[in-house]
Amino acid sequence: MILRLKNIGKYFPIRGGLLSRVVGYVKAVDGVDLEVEEGDTYAIVGESGSGKTTLGKLSIKLLDPTFGSIEFMGRDVTFAKGKELKDLRRSTGIVFQDPYRSLHPRKKIIDIVSEPLIINGQDPEEAHKIAIEFASMVGLTKDLLYKYPHQLSGGQRQRAAIVRALIYRPRLIVLDEPTSALDVSTQAQILNLLEDLKKEFKLTYILITHNLQIVYHLANKVAVMYLGKIVEKGPVEKIFESPRHPYTISLLSSIPAIDYVFSGGKINIPRITPTGEPPSPTKPPKGCRFHTRCPFVIDICRREEPTLQPVEKDHYVACHLWQKINA
Amino acid sequence: MPILEVKNLKIYYFTPSGIVKAVDGVDLYIERGETRCIVGESGSGKSTLGMGIAGLIDHPGRIVDGEVIFDGKIVASKNGIYTQKLLGRRITLIFQDPRSALNPVMTVGEQISETLQHNLGLDRREAYKIAYDLLRKVEIPDPERVLHSYPHELSGGMAQRVVIAIALSTEPDLIIADEPTSALDVTVQAEILRLFRSLVKSGKRSVLFITHDLSVALEICDTTSIMYAGKIVEEGLTREIFEKPLHPYTQALLSSIPRIGLKTEKLMSISGEPPLMIEPPKGCRFHPRCPFKLEICDKQEPILINLSETRRVACHLYK
């Protein structure tokens, strides 16, 4: 087990009024358990406001949790400081959605990607050498390294961001929507690259995305988030072939029909359209958080919050009605 | 007679670093009641084409050649733009970000009724009544509340419904929709696409639907034109294109999308990057990235040839 999150949560305070008093909380992540094995590509899917990015940041301690614990490679790092935190930083990396905003605009690519090494006392010349070596592995030519971010195309920038995340040879990389700012033809290149690097460096990925096609292609496990909670998790094949949570089903049925044309009839999802739009995470509905949009809602859903129940080995769902729903 | 004819349209941007040939000789026909998609990646010129048809090209951009003919009359060419009287009435626009299309300091009711008063000459009371009906038509659950709301009080999906309501309010002949669902969440996107399709089909309107997403094209459009580097490289019935893409670019585009139910080791990808439109490649613009490149491809530019009544392709492989 490389990463274990136990009942983790992150509340962001909302301040208001004359004295900037805390008037409420955005419960971005609200009690999540997640176990990531070495070699997994664990996808976290959800729509905007579901808390998936916050969960990604929590899992490598780029944010401190409000409650719960983080265990990384068998060690509790929830309150890691000093050397312990530094070690954690070296073993983890993150790639953000928009490489244009995550790369320093006035620094050359080579300085950006070798910075993590130099900060940690590596000789700059040596660091640059390593950077050039890594860059060639991700398909960035040497001349591109001496340019500024705005001189690169979106795909090239994302390759640079990958080099920066990779240069320490971390064990775990969080990929936060790594291709959603890219065109489809470039997206395919980056997805292939991520797959190759994973093998080459024996990496574990946490893949945060709203794109289910990418989940199916890249991941072996998936957790579906809705308003700060995991509503269903399990192996990718299980979730795509027999989803149990109405929200998972509605996500799957919102994929345009074309993508099922190629599945050879193996996957056949009924079309469920949830009514309305996700409520605000500042005021999640009582009971099951999905009940305001769920087409199957019954009385208990409005009162009691369902907990994650095992459907079968490794497949969990949080729904009062899961035994009656079989897509 | 088609409602829209675009003939050899060329729109260039005259920038300090050079002339960007965003749209470089496009022909396009849209029949009444037809929904046509323009599919292309960023920088392909698809949005410039949409704006050009609406006559909304701004400095440093300019129409340098060709013409846009709407309902039999030339409405945009290098000699002048005559779309002002049509816009908002017979031609309406829907953009990606609904909040930037709405006026932030006017309530939804004021905005819709203003459009109606201005364009259809209704009085305020009538206009509000029609606005209410329109909001019901776009399936807004509580029209009364939304009429008195400001745009920032609405979610993205709700705001886009309002924009669609405004675009439909004058019963236009042509709707130009540029990535209308790309900023929305997937479940909301599916819902808006369904709504859009049903409203358009029932109204017999013509639509030019601009998107980067081929799967959206299949959901929405009768016909599709694929754009690459300022040119249309292939067009046909949307189904035909999906079942048998002809142009190597279309083929690569289709097979580079990961598919659910089909686990593959590697995705097919297109090598390299789209060209800079300041200096597009000679000959066929796709040739530096094309796996089937022939000797002629970097010398002579292929033209769109008719393969059947509906199908056209611009590629030297098809003669």
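Reply: A residue counts as buried if 20 or more other C-beta atoms lie within 10 Å of its own, as exposed if 12 or fewer do, and as partly exposed in between, with C-beta atoms placed from the backbone. This is a predicted model, in which local features need pLDDT of at least 70 and side-chain atom pairs count only at pLDDT 80 or more, while totals for chains, interfaces and linings use all residues. Residues are numbered from 1 along each chain as its sequence is written, and chains are lettered from A and ligands numbered from 1 in the order in which they are written.

Me: What average pLDDT does chain B have?
Reply: pLDDT is the predictor's confidence in each residue, from 0 to 100. In chain B, 100% of the residues score at least 70, and the model as a whole scores ipTM 0.80 and pTM 0.87. The average pLDDT of chain B is 91.

Me: Which residues of β8(B) are buried on each side of the strand?
Reply: Strands (E, at least two residues) and helices (H or I, at least four) are DSSP runs, numbered from the N terminus. Strand β8 (residues 174-178) of chain B has five of its five residues buried, so it is largely enclosed by the rest of the structure. Both of its faces are covered, with I175(B) and A177(B) buried on one side and, on the other, L174(B), I176(B) and D178(B).

Me: Which residue stands opposite I175(B) in β9(B)?
Reply: Two strands pair if DSSP finds at least two bridges between them. Strand β7 (residues 91-94) of chain B runs parallel to β8(B) and is joined to it by four bridges, with I94(B) opposite A177(B). β8(B) also pairs in the parallel sense, over five bridges, with strand β9 (residues 206-211) of chain B. The residue that I175(B) faces there is V207(B).

Me: In what order do the strands of the five-stranded open sheet of chain B lie?
Reply: The pairing in this sheet is antiparallel, and the edge strands, each pairing on one side only, are β2 (18-30) and β6 (80-81) of chain B. Strand β5 (residues 73-77) of chain B meets β6(B) over two antiparallel bridges, where S77(B) has G80(B) as its bridge partner. The order is β2-β1-β4-β5-β6.

Me: Why is one side of β2 and of β5 in chain A left without a neighbour in the sheet?
Reply: Four strands of chain A form an open antiparallel sheet in the order β2-β1-β4-β5. Strand β4 (residues 67-72) of chain A is joined to β5(A) by two antiparallel bridges, and E71(A) stands opposite D76(A). β2 (21-36) and β5 (75-76) of chain A lack a neighbour on one side because they stand at the edges, each with a single partner strand.

Me: Which helix supplies the largest share of the side of chain B that touches chain A?
Reply: Residues are in contact if their C-beta atoms, placed from the backbone, lie within 7 Å, and the contact takes 35 residues from chain A and 32 residues from chain B. On the side of chain B, α7 (186-203), α8 (214-220) and α10 (248-255) each supply at least two residues. The largest share, six residues, comes from α7(B).

Me: How many residues does the largest nonpolar core have?
Reply: A nonpolar core is a set of buried Ala, Val, Leu, Ile, Met, Phe, Trp, Tyr and Cys residues joined through C-beta atoms within 7 Å. Those with the most contacts inside the largest one are V163(A), I206(A), V215(A) and V224(A), while helix α6 (residues 156-169) of chain B gives the largest share, nine residues. The size of this core is 181 residues.

Key: Contact = placed C-beta atoms within 7 Å.
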